[in-house]
Amino acid sequence: MSSPPESGALLDATSPLPPQIEAADEPAKVPLAIEDWATVVIMGLLACITFANVLVRYFTDSSFAWTEEFSVFLMILLAMVAGSAAVARDRHIRIEYFSESGSMARRKRLSQFGAVLVAALFLLIAALSTRMVWDDYRFDETSPGIGVPQWWYSIWLPIVSTAIALRAVGLFIRRGRRDDSEGAPK
């Protein structure tokens, strides 16, 4: 026997979605499909590289030397792109006890505060990693596995970190525009 749904405030972006409700992205100026397609492309590349390496190993008892290094890079890039998608959709990790209690105004302020912290963190990472990229370039660092310039890999850290920070700023702006009474029953 199922119980009727509880009354109370309607769901907002900080609430977990019940299984009967499909997740819908809120409108954003920069399409959220960018992260989705980047994820598809990266996963496709990972699958192709891994499959090719398995075939070569099976038929020749040797493997492509570059696949491990490139796969690790793609997995790190995938985690960063997924982080950007989570920030853009306001689905990053949080402590539900704090984020889901209190009034809608309190939830809005907590969401904005979280967005500011995320933006600050990833802007700091972008700034510090830019120096690392410059050092990799200036000192002609090469990757340990296949010997390509290390900055080919490290250049993506400040780029994606900046994208995550911009997504957090966009989330802050969207949360600021939201009416405090938006979640209240009519």
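Is Arg 167 buried or exposed?

Analyst: Keep in mind that this is a predicted model. Arg 167 counts as buried, because its relative accessibility is 9% and the cut-off for buried is under 20%. Now look at what its side chain meets: Arg 167 and Glu 35 form a salt bridge, at 2.9 Å from N to O. That pair ties together distant parts of the chain, since Glu 35 sits in helix H1 (residues 33–60) and Arg 167 in helix H6 (residues 156–177), 132 residues apart. Glu 35 is buried too, with a relative accessible area of 6%. Why might such side chains pair up at all? Side chains of opposite charge can do so when their charged atoms come close.

Let's stay with helix H6 and move along to Arg 175. Its side chain meets that of Asp 90 in a salt bridge of 3.2 Å, N to O. Again the link joins distant parts of the chain: Asp 90 lies in the loop between H2 and H3, Arg 175 is in helix H6, and they are 85 residues apart. Asp 90 is buried, at 1% relative accessible area, and Arg 175 is buried with a value of 1%.

Back in helix H1, there's Asp 36 to check out. Its side chain forms a salt bridge with Arg 89, at 2.8 Å from N to O. Arg 89 belongs to the loop between helix H2 (66–88) and helix H3 (96–99), 53 residues from Asp 36. Asp 36 counts as partly exposed, at 34% relative accessibility. In total, the model has five salt bridges.

Notes:
Residues are numbered from 1 along each chain as its sequence is written. This is a predicted model: local features need pLDDT of at least 70, side-chain atom pairs count only at pLDDT 80 or more; totals for chains, interfaces and linings use all residues. Side-chain values use heavy atoms; hydrogens and water are left out. A salt bridge is a side-chain nitrogen of Lys or Arg within 4 Å of a carboxyl oxygen of Asp or Glu. Helices (H or I, at least four residues) and strands (E, at least two) are DSSP runs, numbered from the N terminus. Buried means under 20% relative accessible area, exposed over 50%, partly exposed in between (1.4 Å probe, protein chains only).
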